[in-house]
Amino acid sequence: MPPETRVQLRGRCERVSEGTVWLLSRCVFKAIFFVFASMCAWYSGYLLAELIPDAPLSSAIYSIRSMGERPVLKAPAPKRQKCDHWTACPHNSYAYRLLSGGGRNKYAKICFEDELLIGERTGNVGRGINIAIVNYATGNLTAAQYFDMYEGDNSEPMTTFIQSAPPRALLLMATHDDGSTRLKANAKAAIEALGSREIRNMKFRSSWVFLAAKGFELPSGIEREKINHSDNSKNRYSGWPAEIQIEGCIPKESR
């Protein structure tokens, strides 16, 4: 073989060898990269599983999506006030809330300083006029009773109950169902003497609430009385008007 031919063949063999080495190196690099990427993916999945081990897949996806979102600030739940007022009464005062009955099954409620004095839960509420007597100096309940004004002669006992309240007492009154049918003149006079302006306007099944003070005057701005008469065209319940309420804060006795 001529020398020139041997030199050409040797050059071609050297180029083929160099190309094979380069190709093998490239394949090895790809294999190493694939193994490294697989290990990274596995390790990332392992970390994610450790962070949320018990969460379902949907929750995990939602959490990942939520990472870039702004946190939603929720307003704290309002603190419950005495007698379910919207705002707290001043420190040196009593909270009160009087709610008349509504319909046949919604009974009257009388709350004072967050204590239910008369209501279905206390078991001392009934048809007619419900009355609670409170010692103004201490805020403690003196007596509580209801007087049926639809059946029986209960007007006289109610008059005696009202007149027996001690001096410097608060009297809180609320009707349930009917409070007028057997309400006599002397009972009306006793309640009127305490400052009521609506007791003589009471009609069949009128909803009525009244706050009175015996032996002293309440501040003029305090809500004391409200009435709602039965009207078949406007009644909330069948034969009954809607319940009504008054609430507020009574300054405590100065000491």
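Buried here means under 20% relative accessible area, with a 1.4 Å probe and protein chains only. Y136 comes in at 8%.

A word on the source. This is a predicted model, where local features need pLDDT of at least 70, side-chain atom pairs count only at pLDDT 80 or more, and totals for chains, interfaces and linings use all residues. Residues are numbered from 1 along each chain as its sequence is written, and side-chain values use heavy atoms, leaving out hydrogens and water.

Now the rings. Rings of Phe, Tyr and Trp (its six-membered ring) pair if their centres lie within 6.5 Å; planes under 30 degrees apart are stacked, over 60 edge-to-face, the rest tilted. That rule gives six aromatic pairs. One of them is Y94 with Y136: edge-to-face, 6.3 Å between centres, 65° between planes. Y94 sits in strand β1 (residues 93-99) and Y136 in the loop between β4 (128-135) and β5 (141-147), so this pair ties together parts 42 residues apart in sequence. Strands are DSSP runs (E, at least two residues), numbered from the N terminus.

Which ring is stacked with Y136? F216: the centres are 4.3 Å apart and the planes at 20°, so the pair counts as stacked. F216 lies in the loop between β7 (207-214) and β8 (225-228), 80 residues from Y136. F216 is buried as well, at 13%.

Put together, Y94, F112, Y136 and F216 form one aromatic cluster.

Last, charges over rings: NZ of Lys or CZ of Arg within 6 Å of the ring centre and within 35 degrees of the ring normal. R168 lies over the face of F216, 4.9 Å from the ring centre. R205 lies over W240, at 3.8 Å.

Terms used:
Helix = DSSP H or I, 4+ residues; strand = E, 2+ residues; numbered from the N terminus. Buried < 20%, exposed > 50% of the residue type's maximum accessible area, 1.4 Å probe, protein only.
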